[in-house]
Each structure stands twice: as structure tokens, then as C-alpha cells.
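Biologist: Let us go through this model together. I will ask, you answer.

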Amino acid sequence: MIKAVMVMNTQGKPRLTKFYEFLDFWCVVLCSRAENVSNFMEADSIFGPDSRLVYKHYATLYFVFVFDSSENELAMLDLIQVFVETLDKCFRNVCELDIVFNYSKLHTILDEIIFGGQVLETSSAEVMKARISLKLYRISYQNSFWLEE
Amino acid sequence: MDSLFQRSLDDIIKGLRHQQAGESAFVSKVLEEVRREIKSTDSHTKSTALQKLTYLHSICFVDMSWAAFHAIECISYPNFTHKKVGYLAISQSFQESTPVILLISNQLRKDLKSNVEVEVSLALECLSRIGNLDLCRDLTPEVFTLMASSRIPVRKKAIGVVLRLFGKYPDAVRVCFKRLVESLESSDSPPIVSAVIGVFCELASKDPKAYLPLAPEFYKILVDSRNNWVLIKVLKIFTKLAPLEPRLAKKIVEPICELMSKTGAKSLMFECIRTILTSLAEHESAVKLAAGRINELLIDEDPNLRYLGLHALAIVAPKHIWAVLENKEFVIKSLSDPDPNIKLESLRLVMEMVSESNVVEICRVLVNYATKSEPEFCNVILGSILSTCSNNVYEIIVDFDWYVSLLGEMSRIQHCQKGEEIENQLIDIGMRVQDVRPELVRVGRDLLMDPALLGNPFLHRILSAAAWLCGEYVEFIRNPVELMESLLQPRTSLLPPSVRAVYLESAFKALVFCLHSYLKSATSSDHSALGLSDPGVSSQSYDEFSGAHGENGEASGTTLIQENHITPDSVLHLLNLIDMAVGPLSGSYDVEIQERARNILGFTELIKPVLSDSLHPQDERHKQQVEASKMVRLLHDTFSDELGPVSMSAQGRVPVPDGLVLHENLADLEAVCGSSLPASSATISFEGSHNVEGATSIFISDQKEESEPSSESTSLLAEHRKRHGLYYLPSEKNTEHHEANNDYPPANELKSGVTVSNDAQDLAKLAEQSFLPKRKSKQVKARPVVVKLDEGDVLPISSKIPQAKDDSLSEAVRDVLLGNEADADTLTQKAAADSVIRKKGKEKLNAKEQEDDLDHMDSQSGTVQNPVKERSKRSSRKQNADEGDHGGDKGKQKRRHRHGKHRTREGVQNPPANVISQTPVPDLLL
């Protein structure tokens, strides 16, 4: 089970927070960690027993997943990669600004990948497909909407 | 008009970015706007306001619970964009306790039934995030329908939401479980299998036993699947299942080993390793293979892999320590790795390697590392040394002298913050291990002597322990005068009052001891030194007195050479010292200090004239002098009575006297005491022993007021011991005492013969020791006796109370899998109908059936093509049959297993249930 997903920048500003279990907010100073060390942290003290945290650092952003023993550590690292790849495809060279301004898009993408704490999709192509169908629906809906008006 | 001037989310984000300092002012301004706009009747204005609020909630953590109803309004809008905003707001902000949550039930149902895929997805996502008991109960039928949807993304999500349904509403199992199991076999669409396996992995992690009957299905996926995500999850499931069924373990070990050696994905390889090490540790060859793969991880450049490699070693360590020992050098080297994870993990491994024979060597290495590393890790190292060494009443420590001096050394490490733990261990060892007391006192004295240590607040607890030890076991001190000086040194004003009180009490004990040995040596050897006019009388009376209280005298045969240092001058010096150092404290604001200081001063007041008189002899005063000796003797006896460790469960053994009403609600007690109540964490709390001291010192003050020493002091203590012997540790000195008069049975009678024999050993040991010459700590010697309590040495481990929810869930699963349908009252009507039908078309699946399943698995793995054929046969049959024949599905599934069995042992058995299961039953659900 994935317990939480967070994206924050290097100044500790949250850019996206999503908790699959209701948890108090926390802020771990990830920035104090050196660049070439492992990406896992034990998070029991913050998230309760059996919690692990994995983060990945991209430019000015930290992507943080919190999960428990039902997930594989390396797979979670891959999943962050999938998430970021998808964002990259979606925004063409994603940067912090894209993430700042596309709040709900981000949630939609994340919902395709992680559903109620479970990994449902691991291919960024599939996520893009889902996004496109959503867009199409929205366009068609709006067209019909205007026609009805 | 509203929407024309409304700020969009982008405007808010831009605005926030331009705020340098006054962000909160900006946020509250936006919130004000939002509060106004959200009341609008225009759907666009409302949803934009809600979107802004959700953003602020997620990024700035503002409260949005007040907008719950507006969010519900938004999801009912026909416009998809507005609906989406509403759903996002709900899933971000609703909790199970949100009062309006039930209002969304109808809208969710409507959206779940919608023809538009994205709307269904939204509703499912929302349900998976916020579903509570009521929502899950109401929407189970809709989710059940969606689980058979032809649209893969919808079906996938419906399966995902089942986990929430089961968790919140266990009866949903009776409705959905069958379809969930069926979905396991939809190998034509990998996303579905992935989703189902994810659900089963979560379910099995809570109660693996219930899912054992599904092992054949999981096995098939393990052998057939090529998707690493699915394989990882299946391995997770098998990790839970394998320990429950040895035959299963035997079955899966081979495919897992194959997977481990073939796969290129590190994540899958690591999962294989973990599965083998956790659940298949009995299979030596598999563990060997896994160890080989671990070695690959350890030499990898990626710190993540190195960390996980060490993590894997930590898993294997308890069962196969050889795997760790093989990598000993690497582990030790990793202690200085820049990566904190790797450091911690290797420290854990090092601690795993500790044994009786190498504990000295390893601790030496670790303490060296600790002195060199940064404060945080240094304390982690110290903490793990302390916990490992004290584990199971110092099981691995043979040479306690060494350990005690190690504790002393650790206290002096610059960053040491483990004061409390060291304090507890020092006192604990002092009470439990008689033989080590001289060394303890030496270490304690060294700590007390160093004025620099008083400045470090982390050490105060240790100093308190050192002071207590030196006071309690003062007979081992070479130079008590020197001890007194260090206990009363001016820098003790840096200590917190509680520790200072211990210092004073110890000083008191040391003083009594000095006077006692002074009087003793004076009376027994050279009386003229004291200038007594009638030495004979005094000496005689003193000896008499000793005789009377001989059995309570100082610890057997342990008095050392201390007498040499006590001269009349040093006594005078001591008394002056006390006047000077303790005098000012009699006005201290802290009651503990004040009381103890007054005790000491009162005592010296009483004793001083007598002593100084004794230096200038006068005939008529010698009687008074005898009194003084008596007094000193009395106090000395009081202090030299040994304190034993107290069992943690001692309190519980006190029978509640009749008529005593125990205050039921202690909440008001907490209000009175506040945070001043100490958190007792140690097995043996220092406070406990402290109280005993307190009791005696109070008594002493009483005695002073009477200003007439009597023999009551010892008799009262003895009385206490007699009354509450239950809570004292048995010690050889007082065993006769107990036997003589026992109102309460003494503690050792409650126990088995173990402690009794312990006592016997104790004595034998003691006798042996006295014959042996004293040896240096470095030499090999037998482990000293460590007093153990039968119970109460370890804090009772609170057994994990399983949640009722989980219980009912696994019960429901077991019911469905094993076919014992429970009463269907609680189910919705449809669900009830479903279960009734299934009852008809069902075979009993019992323990024997499980065996069959496992056998079946054998045959399946032997003939790989068969299951495929089977499935195609089955699906064609399914097509032929009525689409809604879900009631019979279970039967079919069972029959498939039967077929499998038939292939292997044809003609052995003819299952009669076969016929029943084939009866097609119309399903009312569809």
C-alpha cells in the first residue's frame, strides 16, 4: 500500500500532496541528505509502524512516496520514474512551473497511476492514453454542451 | 457577473508566487473571496471557488471542512469539469467522520452507473479514498457490476476499490469475492491481473491464512506471468503463505530460484531474495543461491542496492548467521560509509554478529567508531551497544568488570546522550551482580571525581547513578574522605535538584560509614588515640552492640582496607566540610535537597559534641559517647542492609485490603501531577530504590526529633522487610529471617526452584571466590552470578490486539472460500439472493480439498499446456451457458480442480459433488 505522495521543491515548499491514509502533515528536511546516498528513509516515527519513504531528486523538486512492506523498494523508485516520465510526456520537458500551474492535471495523472494507495498502472503510455480519452470526452462534452445551449 | 471578476486558480497561483513575505495575508484574503464566491448559484463560479480552496488546502494546509457541502453540490453538476473539481475536493478533504458524507451516496451511485467511462472512474476513485462503512455497504452492488465491465480501465479500478469495500464492510466479501477470484485468471488482460494481485497482496498481508486455498491460482501466476510488477506482488503473497504450509514452500522454492537467477530486473531479484530469506529459510540451497545474489548487490555502485543488500543480510542473520559472517569485512567497512542508511544497516548487522566470545572485541571497534562519528550516529551506536549487551539480563556479558568500565568509558564520549540508559544499567548491574560492585564503585568514583563532567547535562543521570552506587556500596571505596569531597564539591550546584538529592544521600551514607569505621578502629585498636578515660567500658559496649546486630552488619567479608584513611583529623575535616557544603542547602527551595541536607546537619549536630568531647576526655561524658556509637552503628546498619532489584510486577502482587476503595478514575491525578510523573521505562526503576531511601531518611528525621536513638531503626526496616518481603529479592542474608516469621510468603516461594538453586549457586560461588585470589579483569574467569527475577524482568509485551474489522473480514473470506455461508441478514437483498444461490451450487471445500488443490498444482506444473486448455474449455462453456450464471461459477472452478485430480489419480476416487456443481442456477444479480 502506498500511503502518501508528495512533491516538494528544494526550499521545502509543497507542490503536490496526496495522502492515501489520513496523516498529519510533516516536513522532513530531505535537502540535508548528500547527493550520492541511497534514496530510502525509515519513516516509522512520522507515519507509524511499517512505513518507508523513498524520494527522488529532480532539479529543484523532490518526489516522495511513502509506502509499507507490501511494496518493493526498488519498484517504488521505478514508479517515481514512471510518474515523472508521464509528466514529462504531458508537459514536454516538465519543470517546476508546470507542476505549480497544473495542479489538477497532476492529480489526474497520479490518480491513473496510484488508485486508493494501490499501483494500478505502471506504463506511462497507458496513462497518456487515459488522459487523451479524458480530453476527448471533455471536448466532445463541451461541444454538445454548446449545441444544447 | 460574479464569474467575470472572479480570480481563477492560475491567478491565485501567480499571486502566491509574487508574495514575498505576506503570504498568509494573501491566503486569508483569497479565502475571504472563496467564502463569498462559493455561495454563488452559478456552477462555474462555485466550482472555481472550490478549486481554489482545494489548492490552498493541499498546498497551504488551510481548513476546508466547512466547504464539504459545496463540494457535494459540485459533483452533482452535469458539466464534467465542475464534477471533477468537486470529486477532487471531496477526496482531498473528506474523512470518515465528515458529517455530510452520506449525502454523496446517491450521486456516487449515479456516476457509477454512468455510461461515460471517465465519470465512473471519478466515482470509483472517490470511493477508494473516502469510502466508509455506509458508503461501502450502499455501493457494493454497483461495484460488483463494474467488476465485470468490458472496459478494462473501469474494471481495473472497480477491482482496486474492492479493497476498500472489504476493509470497511467485510460482508462485501460474500458478494464480490468470487468475481475477484475469477479475475485472477483473466490472463488475457495483464492490467486486471495486476490489480487483482495487488488487492490480494494487501488482503493476505493482514490475514494470510484465509487465502491459502487460493495458492494454486497464485502459483499459476508465479510460473506464467512475465510482468515484473505482478511477480513482485505474487512473491509478497507467497512470503506470507509459505510459512503456513510446508508443502507449498517446497513447491515454490524452485520457480522462485529460477526467477531469481534469470531476471534482469533488480527489483524482482531483490523480492525473490527477500522471499527466500523470509519464508523459505529452511531450504539451504535456495538460501545459498540468494546469498550469492546478495553479494552481487553489496558490490554494486548504486547505494540503494548496497543498502538493500545489507537489509537482506539483516533478514537472514537470525537464521543463517554464516551469510553475514561471509561478508564481515564489508559490513564493518560500511560503518564508515557516507550513506546514513548503509551505516545504520551495517550497525544492525554488526550487532547481530555479537556473541559471548567476541562482544569485547566488537564493542571496542564500535566505541572507536562512535568517538569518531557525528553526534547522531554516535548515539545510535551507543544505544545499540547498550541494548545488545543488556539483552535478556546481560546474557552475553561474561566479564562484568569489563562491561562496567566500558559503561564508564561510554559516558565520557563527547556526544554521549544515553545518560538515562547507562544510569539504569549501572544501577541494575549493581543490584544484580554482587561480584562486580568493587569495579562499579571504582568507575563511579572516577566519574564523580571529574569536575568537568558536571557541566554536561547529558551526564547528570549517569552521575546520579554513580553517586548512588558509591553511597550504597561505600564499603568498597578505598578513600571515603575523597569520595565525600567529590560528592560535596562546589560544582555540584550545576546538578538538577533530583540528582543533587542523590548526591546528598550518598554523602550521608559515606559519612556514616566513615564514622562507623573510625569508631570501630578506634575502639578496637588504640583507645588512647581517642583519649577515652574508660576505654574498657566504651569498647565493650560497642562490641556488645555489634554482636547484637551482627547479622545485619556489613556485607560478608568484603570490607577492604578503608580503615587506614580515617583519622581523627579526617573526621574533623569531614564534619567541617559538611558544615560548609551542606549548611547553605538547609534553606534550599527544593524539598528533597532541603530535607536531606537537614538530615545530615541534624546528624552531625548530634554527633559533633560527642566526638569533640571524646578528644578531650571527661569521665562523666563517656556514657554519652556510647550513645553516639550506638547511633552511628544504627544508621550504619540501616544503610548496609542490601537493596535488591524489584520485580516490575511486584505492585500487582499486593493484595488489595478489604475496605480499600481504589480511585477508579485517575484522570484527576494526572491533572495534579501533570508532567512531573516520571515515565518509567526501565525494568528496574531507580525511583523504586530511591523511595526506600526516602523512607529511611524520613524515619531518621523522626528519630532525630526524639533525639533519643533506639534500636527501632533496624527493627522497623526489618519489619518492613518482613511485611513486604514479597517485593524484596531473596538474598542469602535474610532467608532465615523470612523463614522465621512470614506473614506474607517471601518472593522466592512464588517461584520455581530456579532461583532457589540460583541462591545456592550464589553462596557456593561466594565461598569459592573467597578462596580464590583476586584476579585482573582481563583474565578469563567464570561469569559472575546475575540475579534474575522469574517474572517482571522483562516488560510485559502487550500482545497485538487484532482489529475487529480484520477479524470479521478474514472470517468472511474464510466463509466464502470454505463454503460455510453465514446468515445473510446483514446483506443487501441482492447479495442475500446471491448467497442463497451459491449455497445450492456449491461443494464443500474443506481441509482435504486444500490438499487436493496442492496435488492439483503438482500436476499442473507438470503439464503446462493443460491449464490453458482447461481455461479455453471453460470459457467456451461459459459462453454457452447463460451469461449471468455466476452462481455456478464456483462449482466450475471446483470442478476444474477435480479434473486435475482425475488426471493424476484416475479411478481412485469419484467425487460425488461433481454432479451437483454442474446444475446451472440462474443468477438473480444480473
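Biologist: How many salt bridges are there between chain B and chain A?

Modeller: This is a predicted model; local features need pLDDT of at least 70, side-chain atom pairs count only at pLDDT 80 or more, and totals for chains, interfaces and linings use all residues. Residues are numbered from 1 along each chain as written, chains are lettered from A in the order written, and side-chain values use heavy atoms, without hydrogens and water. A salt bridge is a side-chain nitrogen of Lys or Arg within 4 Å of a carboxyl oxygen of Asp or Glu. Between chain B and chain A the count is 4.

Biologist: Which side chain of chain A meets B:Arg274 in a salt bridge?

Modeller: The N to O distance is 3.1 Å. The partner of B:Arg274 is A:Glu73.

Biologist: What area is buried between chain B and chain A?

Modeller: Buried area is the accessible area (1.4 Å probe) that two parts lose on being put together, summed over both. Carbon and sulfur atoms give 57% of it here. In chain B, B:Arg129, B:Trp229 and B:Asn304 lose the most, together 14% of what that side buries. The total is about 5,000 Å².

Biologist: Which element of chain B has the lowest mean pLDDT?

Modeller: pLDDT is the predictor's confidence in each residue, from 0 to 100. Chain B has a mean of 73. Helices are DSSP runs (H or I, at least four residues), numbered from the N terminus. Helix α14 (residues 228–241) of chain B has the highest mean, 93, and the lowest, 36, belongs to helix α38 (residues 747–750) of chain B.

Terms used. Helix = DSSP H or I, 4+ residues; strand = E, 2+ residues; numbered from the N terminus.
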